[in-house]
Amino acid sequence: MRQPAQPEPGASPSIWSRLSTITDYFAWPLRTSHYLELVNPLWTTHKLQARVVKVWDETKDARTLTLRPGLNWRGHRAGQHVRVGIPANGKHYTRTYTISSPPEREDDCFTITVKAIDKGTISHHIVRNIKVGDYLPIGLPQGDFYLPDAQPIQPLFITAGSGITPAFSMVNSLIAQGRLPDTHHIHYAPHEFDVVLGKELKAMDRYNDRYHLHLIYSREGDDPSRNRFSAAQLDALCPDWKERDVYACGPPSLLEAIEQCMEDAGCIRRLHVERFRAPFTEVPADAVGGRVRFAQSDVETDGDSDTPLLKVAEEAGMNPPHGCRMGICHTCNTTLVSGCVRDLRTGEVLNEAGSIVQTCICAAAGDCELDL
Amino acid sequence: MKTHQYPVDLTDEQIEEFGNELEAIRNEVFDSRGDRDRAYILKVIKTQRTMAVSARFIIYLSLFFIPAWGHALAAWPVMLTILGLGVFMLGIAKILENMEIAHNVLHAQWDWMKDPEIQSNTWEWDTMSPSDRWMHSHNVVHHTWTNVLEKDLDVGYGIMRVTPMQKWKPAFLLQPIYFILLMLLFEEGVAVHEQAIDDHLKGKNKLKDFTPLLKRIGYKVWRQVAKDYIAWPLAAALVAIPISFYVSFSPLLVFGIVAGANAVANLIRNIWAFTIIFCGHFPAGAHNFTLEQVEGETRGRWYLRQMLGSCNIEGGKLFHILSGNLSHQIEHHLFPDMCSNRYQEVAPRVRALADRYGIPYNSASLFRQFGTTWLNNLRLAFPGGGEPYEPRREQASQS
């Protein structure tokens, strides 16, 4: 029997990409997409952007942005997150947010819900300054924190604060598909009015027999410490928790407590966790040198607080790109993978992963890793 | 104490103090960068792209006014006016791209925004020189070794005598012709402005030593030629073929008109860029330096050399933008990675600082700066013209 011909992967580019190979001759050194951007920023192929179509305050410090993604967007799975580029004070920052809307949404938009966190310049900027009509660069949906497609499971969601977002998306998606299993959801918030998406959660609880919501206000009542997560609390709210698949998202302290509890009960394999990763490295107060790692060369050495990293690399036997050695030509630019470096000219500390580092005038400020 | 050999009456300590004051200005401006700077560069980029694509279509539009169409407005004066507008706009768009956008992006002036679309290491510009090659010969060699003989290839670009310190050779008799040729073919000149090629002409290396480099330049040149002299003219000619059955006008001529229009736009950009750039370090009063003078140079002395070796051009806001703010050549050389929209506001502070320390600040009209550059070029084609290889205490008479 003859098999139908299968297209080889990558062998036949789409008509659009063939056409743009030709039109790119007209646009060189840019691409056709750069000129399409002038007409509609959602048509670009060189970067993916989204238009802010609605902003809505969930609580006094949390806001939901409804975003219309560009043409190259692909649908997400409930629970996945997306990278969002945010311009603040002239600089471009990238942050990752969970998509809070279900994929079944009909208008091709998706939402992210952002809570302004203490000292979080970017989350404050999103919550206060992003306007309808702004265009934000976005990535494609990513992440493996989603419900399995096939087997019927009985989920238990344990969330806190803005950790509600993946659970909200998952439950809504199951409701939209009409296949919501018996679901328990324990959510922690400081007070009643601090519950992100609180009204929607209560409505879901009211209209769906199989969805059981337990809201716990951790700073209310006579003895707030009794409201903290514990195995006893779990037994009281959801007696069959040991038979359920647990999906947890929240601050590290909560996740640690849940992990410990599940470990003790011997059902750690039923636990699925989504963590918020801290985007900043702590700046050591007494910034001296530290271990310097050059990721690509797989070299690790010590660098002190006033030796330029370029010199540190050279003394370790490497020959990284460099030019003027005085910070003007930017030939030595590289990316900070992790850790903390200091600009020797200004004393400015760079501690955000992904920052551009001029190795000839930056020194280690604690441990650091560079993409060299 | 005075141990330096720079042509100023300052002690070593005063030069360092001068350097520290400049450093303070730099830090102050760098700390204040923010939303308005980002808004500026985004606006310039958007304007440039809109202008470039509109210009291309205005050139196409002019083809509908060739007399052969026979309608009321189909006449050469109408056609040429529209064509001229398109060519002028395309020239301006190329000038904006090369000078205010690409030159400054490639100096890493906008890297602080961390915008992945506007980064020095990924930006490719609309000229024949590949941007990474240019960044090496310009950012590294020229900006570090500004006006130092035997080090800075931009001192005469290897073909001209721009200071009496360069030894005269009979070949320099032809330099007024090189001057004109380089003006007309500036884009091509920049593309082949490479130490390796310069060395090859002097017989110091073999062709195969730098074949990969030539291939890189070759690819960039091909894509530039393919755009301006094949793609855009050919598209017009292909559309003109079916039309030519009804309107008697040769598609070949259509090809020629569009290609010619693009050539003129490139020429406008070449002449303008050459004029501005030659006013940067060659007008009367700009100093050149010997290797001995810059031996063991400190940061303060480096600042001093940049100031003595660079010249500003005076003009209005639009003039500064069209010159890529290279009209603030002094500020650009002191702070090459400061975003260009800030040069205008630091210029008065730098000028006042120079005045306090009694350091010459060479700033004049385009007429004076380009005029003296040109007169210099004529004078230095012949032997003499000033002291050879002597550190000069005062402004050399170069007439």
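Strand 1 (residues 49-59) and strand 2 (residues 62-69) of chain A pair in the antiparallel sense, and eight bridges join them. Within this pairing, A:Thr59 stands opposite A:Ala62 of strand 2 of chain A. The structure described here is a predicted model.

The two strands belong to an open sheet of four strands in chain A, ordered 5-2-1-6, in which the pairing is antiparallel. Strand 5 (110-115) and strand 6 (135-137) of chain A stand at the edges; each has a single partner strand, so one side of each is left without a neighbour in the sheet. On average, neighbouring strands of this sheet are turned by 40° against each other, direction ignored. Strands of a sheet pair through backbone hydrogen bonds, in either a parallel or an antiparallel manner.

Helix 3 (residues 121-129) of chain A packs on the sheet, where it touches strand 2 and strand 5 of chain A. The direction of helix 3 makes about 120° with that of strand 5 of chain A.

The contact between chain A and chain B takes 22 residues from chain A and 34 residues from chain B. On the side of chain A that touches chain B, two or more residues are given by each of helix 1 (15-27), helix 2 (32-39) and strand 4 (91-98) of chain A. Helix 2 of chain A provides the largest share of this side, three residues. The table lists the classes of residue on this side of chain A.

| Class, side of chain A that touches chain B | Number |
|---|---|
| Nonpolar | 11 residues |
| Polar | nine residues |
| Charged | two residues |

Terms used:
Residues numbered from 1 in each chain as written. Chains lettered and ligands numbered in written order. Predicted model: local features only at pLDDT ≥ 70, side-chain atom pairs only at ≥ 80, totals over all residues. Pairing = 2+ DSSP bridges. Axes fitted to C-alpha atoms, helices over the stretch in contact; angles between N-to-C directions. Contact = placed C-beta atoms within 7 Å. Nonpolar A, V, L, I, M, F, W, Y, C, P; charged D, E, K, R; others polar.
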